[in-house]
Amino acid sequence: VWEDGNLTVLSYTAGWCEAKAVNPAGNIIVGMTYDSDTNIVTGGMWVKNGTEWTEYDLGFLPGTFPYGVGEVVASDLSSDGTIVVGTNRFDNWNSEGFVWTLDQGIMPADEYLADFGIAFSDSFKIVEMTAISEDGKTMAGIGFNRFFFPREYRSFMVNIVDPAPVGEVPSYDSLDLGQPYPNPFNPTTS
């Protein structure tokens, strides 16, 4: 971090460390750091307390491989730092978008969104959560239909209308029809 011409190193780790996003006040940074206890590159948060930066480990989802194979990257945060979004790469081929909250810790994005009544089709896999609004009510990410090959990645945006979780009552986002595939088709198309 460069502040008033002075450099502060956020993390002295034996592994990878990178800052990815900062809140508007400039006192909270998220990215990735190294957990020497698990040997996993995890989501990291640095909070400025007075003149010092304190590092916090945001964790990783179960199944993340250690020793540089898997990694967790925090991509963006709400202005108060209570909600963080990002990507949990389990290994070189599999990833899942995550949401971290101060109250619940790290969880798969689809589980977090389901708590607010936002559900995607079972065929849609969220692989990255890329952005969040300052108030934490709007999020964006990337996913794909796990049953179509080759994979076609789609970006999405969700709005959490009611900031209080609604429990187990599911609702579905509106769907848009895309072009038929393959086109022309014989005998079927999707």
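Biologist: How many helices and strands does the protein chain have?
Modeller: The model is a predicted one. Its secondary structure comprises both classes of element, and the count for the protein chain is one helix and 15 strands.

Biologist: What percentage of the residues in the protein chain is buried?
Modeller: Buried here means under 20% relative accessible area. Among the 190 residues of the protein chain, the buried share is 39%.

Biologist: Which elements each supply at least two residues of the lining of the second largest pocket?
Modeller: This pocket holds about 280 Å³ of space, and 14 residues line it. D110, F120, S121, D122 and F124 lie nearest its centre. The elements that each supply at least two lining residues are α1 (109-114), β11 (118-119) and β12 (124-132).

Biologist: How many charged residues does the lining of the second largest pocket have?
Modeller: Sorted by class, the lining has seven nonpolar residues and one polar residue. The number of charged residues in that lining is six.

Biologist: Is S123 buried or exposed?
Modeller: S123 is found in the loop between β11 and β12. Its relative accessible area is 15%. Because the cut-off for a buried residue is under 20%, S123 counts as buried.

Biologist: Which residue's side chain is joined to that of S123 by a polar contact of 2.9 Å?
Modeller: Leaving aside neighbours within four places in sequence, S123 is in contact with F144, N145, R146 and F147. The polar contact of 2.9 Å, however, joins the side chain of S123 to that of S121.

How values were computed. Residues are numbered from 1 along each chain as its sequence is written. This is a predicted model: local features need pLDDT of at least 70, side-chain atom pairs count only at pLDDT 80 or more; totals for chains, interfaces and linings use all residues. Side-chain values use heavy atoms; hydrogens and water are left out. On a 1 Å grid over the protein atoms alone, a cavity is a set of points where a 1.4 Å probe fits but cannot get out, and a pocket is an open set with protein on both sides within 12 Å along at least five of seven lines; lining residues have an atom within 4 Å of a point. Grid points are joined across faces, edges and corners, and a volume is the space filled by probe spheres set on the points. Helices (H or I, at least four residues) and strands (E, at least two) are DSSP runs, numbered from the N terminus. Ala, Val, Leu, Ile, Met, Phe, Trp, Tyr, Cys and Pro count as nonpolar, Asp, Glu, Lys and Arg as charged, and the others, Gly among them, as polar. Buried means under 20% relative accessible area, exposed over 50%, partly exposed in between (1.4 Å probe, protein chains only). A polar contact is a pair of N or O atoms within 3.5 Å; within protein, one must be able to donate a hydrogen and the other to accept it, and residues adjacent in sequence count only if both atoms are side-chain atoms. Contact means heavy atoms within 4.5 Å.
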